Structures are given as structure tokens and as C-alpha cells.
Amino acid sequence: MTAQVTLKSGEKVKVNDHVYCSPPWSVRDGTPYSIARIMEFLPPEGAGKGKGKGKEIYTRVRLAWYYRPSDVSDRPVADSRLLLAAIYSEICDINQLRSRCHVLHRDKITDLAGWKKRPDRFYFNRLFDPYIKKEFDVIQATDVRNLPDHIRQVLTSRYEYVVAEKDVVPDLTDTLRLCATCSEWCANPDTVGCDRCKNFFHMSCVQPPLLAKPSRGYGWTCAPCSKRHEEEVDKHDVRHPTPVTKPKSNAPAPRGRGRPRKDRSLAEKEENVEIKYFKMWPFRYFGQYTVAEDTLDPDDLIFPRSATRVGPKYQATVPTTLDVPSPSDPEQRGGDYTVEVLSAINTLTDEEIAEMEAWKVVLSRKPEKLHSVDWLTEALRRFTQAHVSNRGWSTVDMSVIPTRPEKWKKGETRHTDREWTADEVTAFEDGIFLYGAELRAVHDEIGTRSMAEVVRFYGHWKNSRLEEENVRIRAARLKAKDEGRDELPSVTAAVTDQFSDDEGSIMPRLSRHNNSCGACRTRESENWWRAPKGLATDILCDTCGTNWRKYADLNFRTVREDVLPPSKKGSDKREGTPLNGPSTKRVKTSTSASVNATPPPNAPMAPQLRCLACQKNGPVGKVLKCNQCQFRVHAASCGVHVEKSAVDSWMCDICQNEETLESSMHTDCLLCPRRKSKKKVQFPNADSFLRASKPTEGQGWAHVLCAVFTPEISFSDVSQLRLVEGISTIPKQRWASKCALCGETSGAVIRCSDCVREYHSSCAWRKGHHFGFEIQPVRHPRRDGIITTFKGETGNMVPVVCCQEHENSRRELYDVCETDETGETALQVYCRIYKQAPVTQAHALLRKARRLDQTLNIRTDGASSADVSAEPALQCDMCSTQYSPAFYPSGHYSGRWRCHKCHFEHRNGVGGGQSPNDSLSPLDDTMDG
């Protein structure tokens, strides 16, 4: 008889039923329910099975999780009933089960529209693997036909579904493929198909044998077809067939369309359909990296797999050196010279051990070191070395040398990790708060510690939290004992009440500020539920509360910000709330069973903001929000350094200029076209990354995007991306070229990296073109310029802008906000190396003059203005001034000089030459004036 458990809602559930699962409100922090399948009921941990059928006591349950698409990806999904299956299970407390629901594969549902209209109904057609972070297609096992009969029978008798890559599904569902030569089954990895006769062959059965399949995009033909094609070509009778397009049909779609059916018996039959399970799982992986014969083994792993990192692509092939003779007497493994003795305490007598323990206590005055595993291991190793070399215990010292030598290692290693700084601890705790126990992501968040150090510190940090919790429990018990009670009823009540279904998420009464639903704005409801963070109010009506808890879906009614209460303006938003992005992503937790075990998707999340440059969420502090215009951007991608105390009061450069008036109040970008409009738009839109602007050396403004991706532009201070220099050095042709997107001929254009189209940087950004940085390999380091390393890739970093049409480009681009191990963004690295103006060589005015000289091309006999201006006693022979950006030799008298102003006035008056402004770009009068 199948075991059944009655939930607090009154429903009875059994093994393989689908249920809602969630910890109490205080733990899940507003996240919706998780959906899982019951695999088995378990007794309390450490307890044996009860005697007699039906008398077992179950307190735990093993659940197979389902994911929502928003749990694993940032892409929006409109269908709230769509799920992702997973081969991932956990043991949870049985009190976390809420109520029953129904989950079916898409192919088993006849009327999808009617299925989704019924409550507590979900469906899936894909599987997500949380370990390799990849999605797979799920098909019914009966649809697999391209297998030998004995393998297909075993597969269909054990499993209901098959998991495979999207490219492999057509091969599995095709008819049985037999080799045209040997008539044996053709497995996909060792099979090649002829493009003309459509027959299949083993690569070893063709003559000559094929060593590899044709590359992607190329076809292969067998020998008879190739010979027949050559004969047709020689006879000139080749006629290319006209492609036949399938005529469009007006017939309705086969499923998912039209009105839902009213057949209740069919719906109930689909709900109670029998699903085959083998070792508690209904599916197994049968994809690109599966050997078909392994399916016959009942102990074969069913999990999805990825490519093995074995072969010349991942491993170096070291050639054998014939000139170097091999050692005649190599050291034998396991001898005294190859074995490193870590401890020989077992060879000591009791008196020696007691004496060693007495000396060990004296080695350190810090009591925490006497209980540190790393410190004790190193102390025992040094005591062992002293005993082996017949030295006394007094020669052992642990306070001088923090490192120790190891065999087979060139350098010495630390026996304990160096102390963690306050910033590193803060970054670690932020990472734990954001990613849970995913230590790989926490390691990337810190950036200054190795993975091994992060794992060790996580263990110490977790133990310290448990210690604090135990101290609080002991203090509460002592307080209760002092009051005359033998036990602590408050703790027991807390443990009991926290699993009382949803009492913690029901609002007892309305308040003055919480008087309407935060989603639909209704004021009438039978029950009121607590709302997640980020809504207009803290409550939800009965309908919205049910939709959010079960389906993670809310129907919003927009609310103007000026009508929100003061406490709600600028409220903290976090990942997982419906106003700010997808729901909380599920993190892996340990499979150990405990009363406080929680399902993966319920880790608390830090407040999140979405960057307008990369459209990704980030914690407050890394993503800044302007206090005045609400502009949001990663601080590292905008040249901003803000103290933690000033994060909430930070303002962007344009808003800050309204108060300081250091630059022009006309904030149009000098590199963009100046369009004439009746409506004068003075400030850029705060909902776009183009709001990020920086002042120029002429008190104008330029977009950060335009300045970074224009090669002639540099910055006086790249750490803050201020001030923008070099606009006058942009060639005149770039100012006169027509933009391929807006059609304007004003403004400086850039060229697409994959074609000849030219457009403004701002126009390309608005059209959704791809912006990024590419690391190009360097053959000659001395000749090819500055080399940098980003995320393990070394070469020249080049800014790249590609049209939308080049989505299939093979370029590997790093996003503007993508960070490396040190937390520095790609934009920061590029600007720091390639965009810094030579401030140490000349002051700003002299750099400006030199750029004007380069623009005007006024060099005589190879003499530079820098060489001339370096003379200390130069004086203009016409106006007698000694101050000028540059001095020029007189054309009539040797040894005399003229200032910049007199030189051009005399040149224009005498020689009829051109004015300096004639060769400047259209924006130089604004920039350099």
C-alpha cells in the first residue's frame, strides 16, 4: 500500500504527487512557492523504521525540484505556468508542503489553453541542469525510433521521458538508420549521411575511411553519387532543382489554439495518467555524449553530461627529447627521499607525548590558534621533524616563519591563510547574501582570494554564525530557568508556529498606509496577504496573493510616484520582486536533512538595481542610482568612486553640474549631431545609458559611450573619465560623413567593425547595435603596441561596434560592464591603458596647442612647437610678448620669433593664406575656443 500523508490543508498526498513547497514567510522573504515532486517519505533522522504497515512516522520528504524560467535566466517569460524540470533533489521538512498541484509534459496535454485556465496546473517541455548550467529538450521515450530494438525496449520500459540536446532530438526521432554497407545500426557520433541519396554510412565502412565528420556547413556525398555527379557535369546536363516551398495552409494550429474543450473526463484522465519511474526518476539523459549500449546498465548515470576535457584541444602534447639521456638511477617512489613525513606522533612514548603537549601550549598565546586545525597540523609536522632529527622540543618555533617548504614545489607555502581584511569580509558576506552557498560566484565577488581560501573561510564563518545562535539559545534558556520554568516554551512554540502553513503571511488588519492591494489597487478582499518588497503597498488582495505565491505572476496597475507615501519613495528593490526583475534564483544547498532545511530558491537577496548599460542587476553600491534623476549605472563603467556612506546621495555629472555650474548648461554631446527641434530638450533621457556624460576641456559635454569608442578621444583622468580631450583631432571626413541610421551629416561617425557602414555612436546604441571590447592576439609584442590581459586572455584590447545584422559574428566580445578577477570592468581596463592623456609630459593648455598644430599641419623644417617653446628667453618681435602656446621662427629675420597670434595674422595678411579656423572641425569653435 502506498504511503499517504495528510497536509494541514486537508489534502492527502502520496509518492510522485506534485506539491507546492515553501518555508514560512520569515524565511522565504516574499518569494513565491517552489514546485516539486514527492520522491519518498522519510522518518526522522537517525530513527529506524516503524513496526507494521501504516504505522511509520514521517517527518521528512525527498523532493525533486522544478524551476521557473525566471529562476535560471533573466529573460522575461509571459507564461506563468511553464516550468523547467531538473534532475536535482533535496530532503526537506514535511511541514513545508503547502498543497497539491499538477505538472505534466507538454506532449501529454491535449488542450493546453484549457489546461492553463484551470488552477494549480503546470507543464514543462525542457530540463535545466543546475550543475552545468544548461537547458535540454525533453521528449517522450516512445518518440525515440532511431535505436536498435533491444535498446529501445529497455529505454521505453524504464523511463517516460528522454533528455537530449536540441540538435540531437531530430536524429533520435528519425526512423531507424542502417548503414548502407554493413546494414548495422548507425550511431550518430560515428555516422555520416550522403546529401544526394540520403543513405547513411559508418565512417569506417566507406572507402577510404573518414577520419572525421565534415565541418559545420559542409556536406558529404558517397562515391557512387560523386561519380554520377561528375558524369552529369561532363555531359552538361546538370540542372539545379527549383526549391519547392511548402504552401501556406489556413488550417488552425494543431494544438494550443482555439477555445478550450469542456471535456472534464479528458482533463481528469490527463491528470491521473500513469508515468513510469525507474529509481524514482521518470527521465534520463540520452544525448550527444551518451553511448547507447550504456543504457542497458541499470546503474548507468542518468544526469546530463558535457564534453570531456580530454585530447589535444585541452592537453599539451609534449614531444619526447631524444638528446637528453634518462637518469640511470631514478629515485624509487615510496622511499625516504620521495615521501614527506607529516606526523610521527604514533611512534612516541606516553612521556614524550606529554612533554610535547606541554611545549605545544607554550608555542602561542592566542587561544584560537590552539584550536585551529591548520596551526595544529603545522605544529605536529615541526615536532615530528625535531624528533626525527634528534632535536629537542624547545627548538620548535611557530611565531617566526609563517611558511613551510614542501617537496615537489619550488616555493614555500603558507600553513595558514593570511588575515582577511574588513573589505574582504564585507565582500564575502555580500556574496553569501546574494548567491547563497554558490562559492564560485562568491569567489568572483571577492576577487582577491583563491577558491581554496574562500572555501576554508566559509567553514569558519558558518561556524561562527552557529556559535552566535547557540549563545542566544543558551541565554534564552537561562532566562527562562531563572523565571522558574524548566524548559523554554517560546523556542518550542517558535519551531511549531513557523511551519503553520501561511499564518505568517496573512495581514491581521489594514493600516492607514496599507489600505489597498499593491498590485491591482483594489480595496476589497476577504483576506489580505503580505506583499514582496518593491510594490506600492505591503499587502496583496486574495487574488493577487494567490497568483504571486503559486504562479509568481501579478497583474500590475501603474501608480504615479507622486501619489506614493513618503516611506515608499525610493524604496529598496531587490532581485526576486515583480517590479524589478525575475524571481529569486535557486541556489544549491546541502542535501542533509534538518528541520530548518529550505528549498533552493529561498535564499535572501540583497537590494538590487538594474544597470542601464548592461541591463543586468547588481547590488546597491556597485550599481548607483542618481538621487535626482534616478539614472542607474555600474559605478565602474562611469568612472565613479563613491564612499559607502554617500551611495544614497550620489548624483550623476549632469545633475551635479546644475548645482556647481562648472560646465555648460547645454548638455548635448559634442560628438553627436545637433538636430533642430521645436521642443528644446536640454538634458538626456535618464532611462538610457546615454545619460552618462562627461565634461570636456572646453566646458562642453560628451557621452561616455561616444568618448570611449571614438579612437582619437582621451581623458585627463581615466579613473573618473574626466576631462574629454582630443575632439579637434578627429579627421574632417568623419564629421562630413552621413550617418547610416539617422541620415545626418553632422557629428563624428564611427565605422562598423564587420562592414563599411558608418554611424554615430549614440545612434548605434539606440538601435541596439553591439558594443564591446575584443582581445586581439599579438604576433610581434614590440611592434604591435601595448599588450594587456583580461580574464586570462592576452593581446591588444580593441573597442568593437557591430551592427545587429552581424549576430553570427565569431568575435568574442567582452561587455562594457563585464569584470575580471580584480573587479575591474572591461571599459575601465581599456581606458586605463589606451585612453589616458599624457598629463606628465605637458599641461592641459600646451596639449591643446599641440593638437591644434597637428590639425593645422604647421611644421617647418621638422621643428616642433614643443622644441621651440622649451627655450626660456623667447619674445615676439612684433608685440613683444613672452607668453604664447607656441613660438614660430620669423620668415624674414633669423634669430627672431613670433607668437601664435602674430604668426597667423602676418601669414594671412602677407601670404594670403588660410585662417587657422579653416582647417578645424565644425565643433572646434565650441571645444577649443
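Guide: Gln 630 is partly exposed, with a relative accessible area of 30%; buried means under 20%, exposed over 50%, and partly exposed in between, using a 1.4 Å probe and protein chains only. This is a predicted model in which local features need pLDDT of at least 70 and side-chain atom pairs count only at pLDDT 80 or more, while totals for chains, interfaces and linings use all residues. Residues are numbered from 1 along each chain as its sequence is written, and side-chain values use heavy atoms, with hydrogens and water left out.

You will find Gln 630 in the loop between β20 (623–625) and β21 (632–634). Helices (H or I, at least four residues) and strands (E, at least two) are DSSP runs, numbered from the N terminus. Gln 630 is not a glycine, yet its phi is positive, about 70°. Ala 552 also has a positive phi, near 55°, and is likewise a residue other than glycine. Look for Ala 552 in the loop between α14 (542–551) and β18 (608–610); its relative accessibility is 23%, so it counts as partly exposed.

Staying with the backbone, let us turn to peptide bonds. The one from Gln 207 to Pro 208 is cis, with omega near -5°, and Pro 208 lies in the loop between β12 (200–202) and α6 (223–235). Another cis peptide bond joins Arg 722 and Leu 723, with omega about -15°. Leu 723 belongs to strand β25 (residues 722–725).

One more loop residue is Lys 407, between β14 (403–404) and β15 (413–414). Lys 407 is partly exposed, at 33% relative accessible area.

Finally, the cysteines. A disulfide is a covalent bond between the sulfur atoms of two cysteines. Here a disulfide is counted when a pair of cysteine sulfur atoms is within 2.5 Å, and the count comes to zero. For Cys 225, which is in no disulfide, the nearest cysteine sulfur is that of Cys 222, 3.4 Å away. Cys 225 counts as buried, at 3% relative accessibility. The sulfur of Cys 517 has its closest cysteine sulfur in Cys 520, and because the two are 3.6 Å apart, they are too far for a bond. Cys 517 is buried too, with a relative accessible area of 0%.
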